[in-house]
Amino acid sequence: MKACTGSPIADTETKRLFSDWKASRALVLAVSGGPDSVALMWLAARWRRAMKRGPDLVAVTVDHALRREAAREARQVKQLAKSLSIPHRTLRWTGPKPATGLPAAAREARYALLFKAARSLGASHVLTGHTLDDQAETVLMRISRGSGIAGLSAMSRETMRDGFVLVRPLLNVPKARLIATLKKAKIDYAEDPTNRDLGFTRPRLRALMPALAEEGCDARNLSRLASRLMRANAALELLVDGAERFLALQDTAAPRPGFRTEAFMVLSEEIKVRLLQRTIDRFGCEGPAELGKVETLLSALESAANDADSGRRILLRRTLAGALVTLTSERISIEPAPPRRGSKGETDQGGGEREYRP
C-alpha cells in the first residue's frame, strides 16, 4: 500500500455518491484491480448493504491480455468481490492487438466488453472508477491536442454510450481519498505498471501534475475548469438548437438539407462552426467530423461567399467526413457524399476532404 494524504470516505458521503442510482435494476461495476476501481466496488458494496432494497451489483473485470499479471489480478478482484457478496465476471480481450494507438484500442475493447456484460445482465448502467485526478489529466490531454469547448468539458458524471449509461460516481473525489479509504479498510489493490510508463501520453502528463499544482494548476482547478466549460457548452448547444430551427424556417422550400447562405453567414462564428459540424455528422458516413477540418471548411465557405457574384452557380463544393457540402450564392446544401473511388475503381473509405472545382 502507498502512503497518501486525504481523509477516508465516510458512510454519509458514500450514500450521496451513489444515491442517484438507487432505483436501478442492476449496476455493472468495472473493476480492474487498481485502487480507483477497487474503491468503487468497496464503496458500492457498503452503500448497497445499508439499503433494504436496491439494485443488484455485478463486478466485471476486463483482462486485456497485455500483461502476464492481469489474470492474477482478476482472480484477486474475484476473491474480494466474493467477500463483499458481489457476483463477479472476468472477460478477456482476445485477438490481435494494434501496434499503434494501443491505449485507445484497449479502452474501446474494454467498454465493448463491459456493455456486453451489462446487456446480458439486463443492466442499463455501467459504473467506472474515474476520479478527480483522471478528470484533470483528461483536460490537460485535450488542451495539448487543441480541443474546443466541448472537448475541454472533459468527462461527465453520466454519459450515454452505445445504449447504456456510463456512470462516474467518483469523478469529484481525489484519488488520495480513495487510497485512504482502502488503507483504513485494509483492502489491498494492484498497481498497473503501464500507469507509470512514460511512453504513453497520460503518464507523462501525470508526472507534470506536481509542478503544475505549485502554480495553482492542480486537479481541483482543472476539474473546475472542465465543469465551467461544460456549462458553457450546454448553453452554446441551446443557441445552436435555436439557430437550426430559425434557419429551417427560412429554407422550407429547399429540396435538400442545408441553409440559406445569407442567413447562415450572419450567425456568430462559434454557432456556425457547431451548426456546420452537427449537420455534417448527421448526413456524413465517416464522422464525426474533426473540429479543425470543420473550421477550415467554414473559412473556405466564408471566403467563397464573400467573393461571390450574383446567380445560382456553384461557388464551392467539398466533402468532409462523408458529407457533400455545396455552396451557392443562395444556399449551403449538405447531403451524403457519393462513394469515393481510387485509381482502380475501388471504393475509398478514408475520411479526408475533397474539393470540387466549379
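A contact means heavy atoms within 4.5 Å. In the protein chain, take the contacts with a separation of 6 or more: residues 24 or more positions apart account for 68% of them.

This is a predicted model, where local features need pLDDT of at least 70, side-chain atom pairs count only at pLDDT 80 or more, and totals for chains, interfaces and linings use all residues. Residues are numbered from 1 along each chain as its sequence is written, and side-chain values use heavy atoms, with hydrogens and water left out.

Start with the whole chain. Its C-alpha atoms fill a box of roughly 75 × 45 × 45 Å along the principal axes. The chain holds 12 helices and 13 strands. Both are DSSP runs, numbered from the N terminus: helices are H or I with at least four residues, strands are E with at least two. Of the 358 residues, 44% count as buried. Buried means under 20% relative accessible area, exposed over 50%, and partly exposed in between (1.4 Å probe, protein chains only).

Leu 152 sits in helix H6 (residues 149–152). Leu 152 counts as buried because its relative accessible area is 16%. Leaving aside residues up to four places away in sequence, Leu 152 touches Val 139, Arg 142, Ile 143, Ser 147, Ala 226 and Leu 229. Ala 300 is 148 residues from Leu 152 along the chain, and their C-alpha atoms are separated by 26 Å.

Arg 231 gives a contrasting view. Arg 231 belongs to helix H9 (residues 219–250). Arg 231 is exposed because its relative accessible area is 60%.
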